Every structure is written in structure tokens, then in C-alpha cells.
Amino acid sequence: MATLMTNLLLKACIALFLISAATAVGDSPFIIAHKKASLTRLKSGAERVSVSIDIYNQGFSTAYDLSLVDYSWPQDAFDVISGNISQSWEKLDAGGVLSHSFELEAKKQGMFYGAPAVITFRIPTKAALQEAYSTSILPLDVLAEIPREKKFEWAKRLLAKYGSQVSVISIVGLFIYLMVTPSKSSGLKASKKKR
């Protein structure tokens, strides 16, 4: 009986601890940031990198004095064409989303591995600034030599993209053709009836 009572009391304390920890965490902002980068080759041979960073507040309270900084793009390899690599906002409400984008032009050829962007924000209940990091980007092969396409590469791509639609349309067309055209057996039956 004493072990049953001790076991029950221990489970109640653990449950109370977990509930209080969950409510304490639930009162603060929870910042998630997603960083995306894509390459665009221009006709002049230059290559541009379009970077966009989406910041989400998945917490239950507002984050104040947000600051985004992305120093992962070295100045000797990239020039900023449009936008800034840093941005500030006054606040981000609970459940809110902020987006920031900028465009760079590549100067050097090679693989580039970008680091996550850093987001700092303030919580009213804490004096110290809080930090969050974005996701890192996949490696970018900047100014890479693109091999010439072979003769039938475009046909292979079209077949891979639209092959299923072509086969369905062909089957439906064959079915309609078989339904519309008279068969030879019905022609023989008609000639036998005339005799």
C-alpha cells in the first residue's frame, strides 16, 4: 500500500513538473527561420543568387526588436545587387510571418556553402537578447560550366514530364477509333443476310 501511494505521488509530481514546464515555454516567442537560395544564369554569362529568408513566430507571445543579419556571403565572391543582407523589424506577433529577400551577383567560380542567418530578438520578460538561426542552404555550384545538351535531351525531358498524359490520350483515342469504325465481322453478317 505504501509503495502504491509513493508511486502515485511520484507520478503526480512528474505530471505537475511537465505541465508547469510546458506552460513556461508556451509564454515566449519561438522563432523559426527558413533560408532559400536559387541561381539564375544571365545571357551575359553572369550568375545571380536570389536569397529569401522567411521568419515565423510559432510561439504564444510577440517578439520585439527583431534584427536579421546574413554575413555568410563574402564580399570578394559576391556583390549585392538589390536589397540588404541585414534587416530590422519592430515586432513579430505570435503566429506571424516576416519575409526578407536580396539578390547577389557572383564574382568567383566554385562551390559555395552558406552559413545560417542570425536573427536576434527581445522578449519583454528577459533583458538579454535572444538568438535564433535560420536553416542553412544547400551547396551552390556558382558559375559552373554547364555541358551542352545532347540532341534528344529535350525529347527525353518532355517524355518524362508529359509521358503519362500522352499514353492516356492515346488509349482514349484508340478506344474511340475502335468504337467508331465498323468491324469486318459486321460487314460479313450483312452480306450473308442478303443471300
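Predicted model: local features only at pLDDT ≥ 70, side-chain atom pairs only at ≥ 80, totals over all residues.
Two of the pairings can be followed down to single residues. S3 and S8 pair in the antiparallel sense over 4 bridges, and in this part of the sheet tyrosine 64 stands opposite arginine 122 in S8. Strand S8 (residues 118–122) is also joined to S9 by 4 bridges, and these two strands run antiparallel; here phenylalanine 121 has glutamine 130 in S9 as its bridge partner.

**The nonpolar core**

Which residues touch the most other members of the largest nonpolar core? Of the 28 residues in that core, they are Ile31, Ile55, Leu66, Trp73, Phe78 and Ile119. Strand S1 (31–41), strand S2 (47–57), S3, S5, S6, S8 and S10 each supply at least two residues of this core.

When residues up to four places away in sequence are not counted, leucine 66 touches Ile55, Gln87, Ser88, Trp89, Glu90, Lys91, Leu92, Leu98, Ile119, Thr120 and Phe121.

**The aromatic rings**

A search of the whole structure finds 3 aromatic pairs. The rings of tryptophan 73 and phenylalanine 112 have centres 4.8 Å apart and planes at 25°, and because planes under 30 degrees apart count as stacked, the pair is described as stacked. Tryptophan 73 lies in the loop between strand S3 (63–69) and strand S4 (78–82), whereas phenylalanine 112 lies in strand S7 (residues 110–112), so the pair ties together parts that are 39 residues apart in sequence. Both tryptophan 73 and phenylalanine 112 are buried.

Phenylalanine 112 also pairs with phenylalanine 78, and this pair is edge-to-face, with 5.0 Å from centre to centre and 75° between the planes. Phenylalanine 78 lies in strand S4 and phenylalanine 112 in strand S7, so this pair ties together parts that are 34 residues apart in sequence. Together, Trp73, Phe78 and Phe112 form one aromatic cluster.

**Accessibility of selected residues**

| Residue | Relative accessible area | Class |
|---|---|---|
| Phenylalanine 78 | 6% | buried |
| Phenylalanine 112 | 11% | buried |
| Leucine 143 | 18% | buried |
| Aspartate 65 | 40% | partly exposed |
| Serine 99 | 52% | exposed |

**Serine 99 and its surroundings**

Serine 99 is placed in strand S6 (residues 97–106), and with a relative accessible area of 52% this serine is exposed. Its contacts, not counting residues up to four places away in sequence, are with Ile53, Asp54 and Trp89. With one of these residues, aspartate 54, serine 99 makes a polar contact from side chain to side chain at 2.8 Å. The C-alpha atoms of serine 99 and isoleucine 55 are separated by 6.2 Å, although the two residues are 44 residues apart along the chain.

Where in the structure do aspartate 65 and leucine 143 lie? Aspartate 65 lies in strand S3, while leucine 143 lies in the loop between strand S10 (140–142) and helix H2 (153–180). Aspartate 65 has a positive phi of about 50° although it is not a glycine, and leucine 143, likewise not a glycine, has a positive phi of about 55°. As for their accessibility, aspartate 65 counts as partly exposed at 40%, whereas leucine 143 counts as buried at 18%.

Notes:
Residues numbered from 1 in each chain as written. Heavy atoms only, no water. Phe/Tyr/Trp six-rings, centres within 6.5 Å; stacked < 30°, edge-to-face > 60°. Buried < 20%, exposed > 50% of the residue type's maximum accessible area, 1.4 Å probe, protein only. Contact = heavy atoms within 4.5 Å. Polar contact = N/O pair within 3.5 Å; in protein donor to acceptor, adjacent residues only side chain to side chain. Pairing = 2+ DSSP bridges. Core = buried A, V, L, I, M, F, W, Y, C linked by side-chain atoms within 4.5 Å.
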